[in-house]
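Hi,

Here is the structure I promised to send over. Have a look at it first, then read on for my notes.

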Amino acid sequence: MEPFSLPYFYYGLCILLPIIFHAILSRGKTGRRLPPGPWQLPVIGSLHHLVGGLPHRVMRDLSLRHGPLMQLRICERVAFVVSSAEIAREIFKGHGTAFEQRPTVSIIDDMYSEHGMSVMFSPYGEHWRQLRRILVTELLGTRRVEAFRRIREEEAARLVSSVASSPPGQLVNVSELLAEFVADSAVRAIYGDKLPNRDVYLKTRETGTDFSAIFDLRDLFPSSRLLRMLPRNKKGQRHFQEVSRIIDEILRHREERCAAGDGGGEQDMISVLLRMQKESSAVPAVSLTPGIIKSVVTEMFGGALDTTTATLQWAMAELMANPRAMEKAQVEIRRVLAGQERVQEAALGDLHYLKAVIKETLRMHPPTALVSRLCLQHDQKVQGYDVPHGTVIMTNVWAISRDPKYWRDPDTFMPERFEGEGALDFGGSDFNFTPFGSGRRVCPGIDFSEANIQIALASLLYHFDWELPPGVKEEGIDMTESFGVTAKRKAELLLHPISRIPVV
Ligand code: HEM
């Protein structure tokens with residue numbers, strides 16, 4: 001064994017002393033009662049604990065050690081991570097509007113500062129309330145979602161035609177086809193037409209969900225004047241400029257078509273917004289300037305595409321990994337739709353097992369695994385702990401919906417748990433199952449995305465049986481999640497379709 005070496009002792013002391021002083025000083029300074037958390041380093045705080053894994057998974061593991069309300073300090077930002085349904089309920093039900101603001105990052109602030117905030121990142125207040133009302137009543141309400149039915153049916157028919165026309169015996173890239181289905185169906189609803197450069201847009205979106213495009217040191221050290229003078233994140237800037245250019249192009253096309261007399265029957269979201277802009281009395285407290293319309297449209301694209309696509313891709317992968325659930329879903333669909341040439345939405349209301357499959361997919365793979373809010377009121381207390389003004393509250397939706405305290409065999413895909421009377425719903429009031437968030441800022445796109453997911457899944461399962469590539473077993477399907485803002489599948493899903501109900 002090496003003899004004790006004095007220089008190593010001094011090196012160790014040099015590292016430890018600042019940590020100890022920092023811990024003592026910060027404790028003395030705040031005088032607050034804060035929740036427990038992992039040990040912190042000077043300057044970076046708890047950041048080092050988060051390196052090397054997917055944030056929602058690392059945070060779940062940390063919270064198993066430190067508790068369901070855990071404090072993290074990421075450089076200058078304080079975050080409380082919530083990993084229990086009871087605490088989530090306390091936060092969203094017991095504190096009025098204290099936690100109804102979303103934290104934002106500088107790259108998003110920069111982008112919106114040019115043309116005005118939309119809904120997602122708007123501070124809680126009158127502007128948000130008015131825009132949210134437009135979303136809920138005019139753009140994403142039941143009546144409007146119903147009006148997009150023809151679009152969904154056409155795009156679902158196109159999806160199964162693409163599968164049917166693939167060369168016999170060849171694998172079909174189901175992930176890609178589902179991404180294209182969502183892009184076409186959602187975009188036609190938003191814009192009235194398909195994107196002329198859909199593939200370029202989809203590629204651009206991929207960058208937008210990459211953490212490296214939104215990362216900026218300014219967000220971690222908001223008090224640093226020096227960092228504010230440094231150049232912005234180039235990757236993020238390029239990405240947002242590209243998105244901005246594409247949305248400008250879309251809006252220009254739509255306005256030209258409106259001017260040429262094609263109002264899209266006032267069905268698509270952009271023409272609704274343009275009409276409301278003209279009738280300014282329709283929205284007294286918010287001026288629908290071209291900039292605000294651009295922000296709303298950008299957000300509709302952002303909110304709709306990745307989340308819906310990820311859910312569909314996970315659902316197909318889970319069904320392939322669980323042949324019993326696949327068979328049960330197909331038996332139901334083929335019984336309910338018996339004799340139909342293609343899937344029509346009218347029958348989908350009777351597909352109870354399919355609905356349970358979608359819920360179970362969202363339980364196991366919530367696309368927004370961490371839902372963040374900001375505490376903007378003073379003197380809030382949660383579980384007896386102080387919540388300082390400016391604290392980021394991160395609800396670990398993924399951890400809660402995989403917690404054995406609430407779910408039997410939480411890592412097993414079991415749609416049956418959502419069958420029958422009294423099954424949980426994802427509207428935001430069952431706090432152990434909140435893939436769409438909760439409280440006043442719950443996702444307004446639930447009906448819109450559910451309608452798209454149902455018809456695409458039902459169509460794929462109605463017309464085809466599906467087989468894995470040779471040599472791949474159900475338990476060998478790659479279920480790795482990619483690292484990014486949306487919890488997507490890392491691997492593409494390649495499958496063999498076997499025609500059962502011919503596509504005509
Ligand atoms: C499977 C699909 C989807 C999932 C899982 C999802 C999830 C979420 C979540 C977790 C939030 C945050 C809620 C909170 O803070 O409590 C959110 C907010 C939001 N979502 Fe979705 N979403 C989906 C689809 C959509 C669609 C289709 C749209 C629009 C076309 C949309 C637009 C929005 C908007 C605008 C907000 C911000 C609401 C506000 O701050 O008031 N989402 N979504």
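Below are notes on the ligand site and on one serine.

First, the ground rules. This is a predicted model, so to speak: local features need pLDDT of at least 70, side-chain atom pairs count only at pLDDT 80 or more, and totals for chains, interfaces and linings use all residues. Residues are numbered from 1 along each chain as its sequence is written, and side-chain values use heavy atoms, with hydrogens and water left out.

The ligand has 27 residues around it, and Arg102, Trp128, Arg132, Arg373 and Cys443 are the closest (near means a heavy atom within 4 Å of the molecule). By type, that shell holds 14 nonpolar, eight polar and five charged residues (Ala, Val, Leu, Ile, Met, Phe, Trp, Tyr, Cys and Pro count as nonpolar, Asp, Glu, Lys and Arg as charged, and the others, Gly among them, as polar).

Helix H16 (290-321) is among the elements giving two or more residues to the shell, and H16 gives the most, with six (helices are DSSP runs of H or I, at least four residues, numbered from the N terminus).

Now serine 83. This residue is buried, at 8% relative accessible area (buried means under 20%, with a 1.4 Å probe and protein chains only). Leaving aside neighbours within four places in sequence, serine 83 is in contact with Ser63, Pro68, Asn396, Ile400 and Asp403 (heavy atoms within 4.5 Å).

Cheers

Key. Buried < 20%, exposed > 50% of the residue type's maximum accessible area, 1.4 Å probe, protein only.
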